[in-house]
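Here is a short note for a colleague opening this structure for the first time. Please read the points with the model in view.

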Amino acid sequence: MEERCPNGFSLVIEGLAKFCAPDETLYRGPNGAYEPSLAPVFYNPEMIENRDITIVLLKYFLTSWGGEFNFLDPMAATGVRGIRFALEVADQSNKKVNIYMGDISLVAVELMKHNLKISGVSSLNNIFAQVSLMDANEHMYHLKRLRIALNYIDIDPFGTPVPYIQAALQSINNGGIVGITATDVAVLEGKYPSTLSRRYGIRGVKSLISKEVAVRALLSFTLRSAAMYDRYVEPVLSYHMKHYVRIFIRILDGALKSNTYLDKCIGSMWHCPKCSFSFFEDLSNTREKRKCPLCSGDMINISPLWICDLVNVAHIKEVLIVAEKMPWLTKSSMNLITMLSKSNALAPTIRTTYVARKFKVNAPPRDSVVKCIRSHGYDAAMSIYYYDGINTNAPADVITLCVSKGY
Ligand SMILES: C[S@@+](CC[C@H](N)C(=O)[O-])C[C@H]1O[C@@H](n2cnc3c(N)ncnc32)[C@H](O)[C@@H]1O
């Protein structure tokens with residue numbers, strides 16, 4: 001197999017894939033570090049967890065789909081995600097798998113074709129791989145028009161995914177999964193309220209739990225968008241990491257179910273910017289003035305947000321078992337999957353540091369607060385969003401007591 005890379009590119013190994021990516025020594029920012037956006041084709045090694053988790057999730061789900069599997073990465077850049085899917089998931093299955101990859105950049109498309117050859121994907125018998133020079137929306141609608149039942153679509157643009165979500169929600173097959181990355185996290189977190197309102201239809205400002213809000217805001221947008229097409233979304237897994245939010249949602253048909261999800265899972269969050277205590281409610285009284293039940297501070301309202309579970313823990317426990325058989329996954333990806341498998345979003349995250357500060361005490365260790373809450377008969381779990389965050393269904397007085405005293 002010819003393993004040479006075009007000028008300006010060098011061989012990279014990620015997961016089980018060997019492919020050409022920009023030579024990092026040639027594209028450095030002012031601080032001397034590799035700057036992916038300067039390269040002719042985008043490849044960011046920092047996003048490895050994003051790709052690792054895509055691969056392990058698809059490995060878990062592939063077995064549950066009958067017939068052929070159709071994978072689409074319409075913003076594929078080097079093609080790394082599709083190549084890893086081919087080598088780490090599809091090759092080891094007995095299924096016929098079709099991998100569609102595309103990009104709007106001709107250089108990326110040429111590189112992807114080269115990478116399919118040097119990675120060995122082109123010679124795998126059960127895999128058909130096609131690379132297209134196309135706009136992502138055009139690509140999704142094109143495959144839909146050809147009646148290709150897409151089981152997975154990956155949306156990984158620069159910045160906001162909003163311009164691609166409508167096409168993805170309409171092109172994915174019933175029961176299929178869409179993975180969405182958003183790097184406009186400052187907007188989703190509420191730092192720019194007017195952009196949040198214009199882009200995502202959400203009223204809010206930056207809070208003490210803005211990472212969780214960012215995830216809930218993106219899920220809210222996707223469910224409200226899916227509802228326009230009589231479809232609904234079920235989150236498989238969602239998280240905030242580094243500079244991005246990532247959600248994996250299953251898309252299903254059903255106008256009635258869509259109404260039910262809108263009623264049950266779209267609501268408002270009341271948040272205290274002093275002690276971080278928050279709770280969910282329906283959308284009926286979002287303009288009221290409220291006092292925090294924990295510290296009596298003035299609360300703010302952020303809505304409409306997704307207020308149901310962020311992770312399907314039953315699935316993620318199984319995904320963790322699959323991941324444990326993939327020793328090439330990075331440690332940070334394994335840590336993330338492990339944390340997600342233990343997550344429990346009973347209520348919005350509360351941050352012990354802010355509660356303790358409000359009551360002028362030193363915050364006890366987080367696990368001691370969790371144990372204390374459990375000893376009072378309530379559920380509590382460590383939040384995946386903040387080192388001092390917990391999720392609990394305990395009332396304000398129990399939280400105050402446990403943060404003041406610990407276990
Ligand atoms: C963030 S990169 C994708 C990285 C890739 N998914 C990975 O994991 O390495 C975004 C890619 O989308 C491409 N792109 C930007 N706008 C596009 C559009 N409208 N249609 C298709 N591709 C587009 C860019 O050329 C770039 O290669």
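1. Start with the link of Cys 372 and Cys 402. It is left-handed, with -70 degrees about the S-S bond. The two sulfur atoms of this disulfide are 2.1 Å apart. A disulfide here is a pair of cysteine sulfur atoms within 2.5 Å. Cys 372 sits in helix 13 (residues 366-375) and Cys 402 in helix 14 (residues 396-405), so the bond ties together parts 30 residues apart in sequence. Both Cys 372 and Cys 402 are buried. Buried means under 20% relative accessible area, exposed means over 50%, and partly exposed lies in between, with a 1.4 Å probe and protein chains only. Helices (H or I, at least four residues) and strands (E, at least two) are DSSP runs, numbered from the N terminus.

2. A word on the basis. This is a predicted model, in which local features need pLDDT of at least 70 and side-chain atom pairs count only at pLDDT 80 or more, while totals for chains, interfaces and linings use all residues. Residues are numbered from 1 along each chain as its sequence is written, and side-chain values use heavy atoms, with hydrogens and water left out.

3. How many disulfides are there by this rule? The count is 3. With bonded cysteines counted along the chain, the pattern is 1-2, 3-4, 5-6.

4. Cys 5 and Cys 20 form another disulfide, with sulfur atoms 2.1 Å apart. Cys 5 lies in the segment before strand 1 (9-14), and Cys 20 lies in strand 2 (residues 17-22). They are 15 residues apart. The link of Cys 5 and Cys 20 is left-handed, at -90 degrees about the S-S bond. Cys 20 has 0% relative accessibility and counts as buried.

5. Cys 265 is joined to Cys 308, S to S 2.1 Å. This pair spans 43 residues, from helix 9 to the loop between strand 12 (300-306) and helix 10 (313-324). The torsion about the S-S bond is about -85 degrees, so this disulfide of Cys 265 and Cys 308 is left-handed. Cys 265 is buried at 2% relative accessible area, and Cys 308 is buried at 14%.

6. Cys 295 is buried, at 14% relative accessibility.

7. Now the pockets. A pocket is an open set of points on a 1 Å grid over the protein atoms alone, with protein on both sides within 12 Å along at least five of seven lines; lining residues have an atom within 4 Å of a point. The largest pocket has a volume of about 620 Å³. It is lined by 34 residues, and Phe 42, Met 75, Asp 156, Pro 157 and Phe 158 are the closest to its centre. Helix 2 (80-90) and helix 5 each supply at least two lining residues.

8. The second largest pocket has a volume of about 200 Å³. Its lining has 13 residues, with Glu 234, Pro 235, Tyr 261, Asp 309 and Asn 312 nearest its centre. Strand 8 (231-241) and helix 9 (255-265) each give two or more residues to this lining.

9. Finally, helix 5 (residues 162-171) is mostly covered, with 7 of its 10 residues buried. Among them are Tyr 164, Ile 165 and Leu 169.

Technical notes
On a 1 Å grid over the protein atoms alone, a cavity is a set of points where a 1.4 Å probe fits but cannot get out, and a pocket is an open set with protein on both sides within 12 Å along at least five of seven lines; lining residues have an atom within 4 Å of a point. Grid points are joined across faces, edges and corners, and a volume is the space filled by probe spheres set on the points.
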